[in-house]
Amino acid sequence: MQIRRFFLEEPLDVPGACLSLSAGESLHALRVLRLKAGDRLQLLNGRGEKAECVLVSGGEGRSCREAVCRVLSCQRLAPPAVSPVLLVAPPRGKAFDLVLKASVELGFSAIQPILCSYGVSRPEELGGGWRETLVGALKQSGNPHLPALRPPLPFRQALQEHGNPSALFGASPGAEATARRRLSPAAARGCQALWVGPEGGFSPEEEGELLQAGVLPVTLGSSILRVETAVPALMGCLLGVASLA
């Protein structure tokens, strides 16, 4: 049976309590999915709580616009063992949506857009649909932890906050380091930040500053990867290496 998940940004660990979904979530539940009283659903609040619920009202008439559900049980899940901040130069258009969705599915703790020399997109503030994309990925994946979405920062300002030996960056093909040779299980498990540059890569000056700050370079072969490919590839590498004894 398909699990129907909804987002509700409030405490869920209140067994027996009745909670009302937002207008948008109610519309989706009652008009799109046509749920009825007695149907089961799952609530996620993005803060690690996942509640099993039953719909108690809504959908009984065309005038009903609010879905109300009763909490049957709730569990709180710890964040993933490997959950770094993603510092990424946003690609254009829908490609960044793919990055956001992968970030939720893979368990990043936060997403920090960065403005780089070779960047093709220059967002000055949070995109209007970015959070909605994250919430949609949360419901699809069932990951109860919603990554924090931070305002874009210039490269050097971001480096002041996240430039340290507990960070990794996606280096250009042919760089001295390779994931297989340099990335140890301890470094993968302790990674606090993952840097991914624009499609043109980090500039030589930016790469030099990352290295000077102690950020470890990682490459995944000789091919130049798109941003939306590099993010899941590098995070998959981290997760794989971290799982090694």
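## Overall build

The protein chain has eight helices and 12 strands. The model described here is a predicted one.

The protein chain has eight helices and 12 strands. The model is predicted.

Of the 245 residues in the protein chain, 45% are buried. The protein chain exposes about 12,000 Å² of surface, and carbon and sulfur atoms supply 51% of this area. Contacts can also be sorted by how far apart the partners are in sequence. Among contacts in the protein chain between residues at least 6 apart in sequence, 75% join residues at least 24 apart.

## The largest pocket

Rolling a probe the size of a water molecule over the atoms shows where empty space is left. In this model, the largest pocket holds about 340 Å³ of space. Its lining consists of 23 residues. Those nearest the centre of the largest pocket are Gly-170, Ala-171, Ser-172, Pro-173 and Leu-225.

Which helix gives the largest share of the lining of the largest pocket? It is helix H8, residues 227–242, which supplies three residues. Sorted by class, the lining of the largest pocket has 12 nonpolar, eight polar and three charged residues.

## The cavity

A search of the whole structure for cavities of 30 Å³ or more finds one. The largest cavity has a volume of about 30 Å³.

Which residues line the largest cavity? They are Leu-168, Leu-183, Leu-194, Val-218, Leu-234 and Leu-238. By class, the lining of the largest cavity has six nonpolar residues, with no polar and no charged ones.

Asn-143 is found in the loop between helix H3 (130–141) and strand E8 (148–149). Is Asn-143 buried or exposed? Its relative accessibility is 13%, so Asn-143 counts as buried; the cut-off for buried is under 20%. The side chain of Asn-143 reaches two backbone atoms. One is the backbone oxygen of Val-104, at 2.8 Å, and the other is the backbone nitrogen of His-145, at 3.0 Å. With neighbours within four places in sequence left aside, Asn-143 is in contact with Leu-44, Val-104, Gly-107 and Leu-138.

Val-104 itself is placed in helix H2, residues 94–106. Val-104 is buried, because its relative accessible area is 0%. When neighbours within four places in sequence are left aside, the residues in contact with Val-104 are Leu-134, Ala-137, Leu-138, Ser-141, Asn-143 and Pro-147. Val-104 and Glu-205 are 101 residues apart in sequence, and their C-alpha atoms are 31 Å apart in space.

## Asp-97

Helix H2 is also the place of Asp-97. With 21% relative accessibility, Asp-97 counts as partly exposed, because partly exposed covers the range between the buried cut-off of under 20% and the exposed cut-off of over 50%. Asp-97 and Trp-130 are 33 residues apart in sequence, while C-alpha to C-alpha they are 7.3 Å apart in space.

## Two loop residues

Ser-166 lies in the loop between helix H4 (155–162) and strand E10 (167–170). At 28% relative accessibility, Ser-166 counts as partly exposed. Which residues does Ser-166 touch, not counting those up to four places away in sequence? They are Gly-190, Cys-191, Gln-192 and Ala-193. Ser-166 and Glu-9 are 157 residues apart along the chain, and their C-alpha atoms are separated by 31 Å.

Arg-34 is found in another loop, between helix H1 (23–32) and strand E3 (40–44). Although Arg-34 is not a glycine, it has a positive phi of about 55°. Arg-34 is exposed, because its relative accessible area is 62%.

Technical notes
Residues are numbered from 1 along each chain as its sequence is written. This is a predicted model: local features need pLDDT of at least 70, side-chain atom pairs count only at pLDDT 80 or more; totals for chains, interfaces and linings use all residues. Side-chain values use heavy atoms; hydrogens and water are left out. On a 1 Å grid over the protein atoms alone, a cavity is a set of points where a 1.4 Å probe fits but cannot get out, and a pocket is an open set with protein on both sides within 12 Å along at least five of seven lines; lining residues have an atom within 4 Å of a point. Grid points are joined across faces, edges and corners, and a volume is the space filled by probe spheres set on the points. Helices (H or I, at least four residues) and strands (E, at least two) are DSSP runs, numbered from the N terminus. Ala, Val, Leu, Ile, Met, Phe, Trp, Tyr, Cys and Pro count as nonpolar, Asp, Glu, Lys and Arg as charged, and the others, Gly among them, as polar. Buried means under 20% relative accessible area, exposed over 50%, partly exposed in between (1.4 Å probe, protein chains only). A polar contact is a pair of N or O atoms within 3.5 Å; within protein, one must be able to donate a hydrogen and the other to accept it, and residues adjacent in sequence count only if both atoms are side-chain atoms. Contact means heavy atoms within 4.5 Å. Accessible areas come from the Shrake-Rupley method with a 1.4 Å probe; for residues, only the protein chains shown count as cover.
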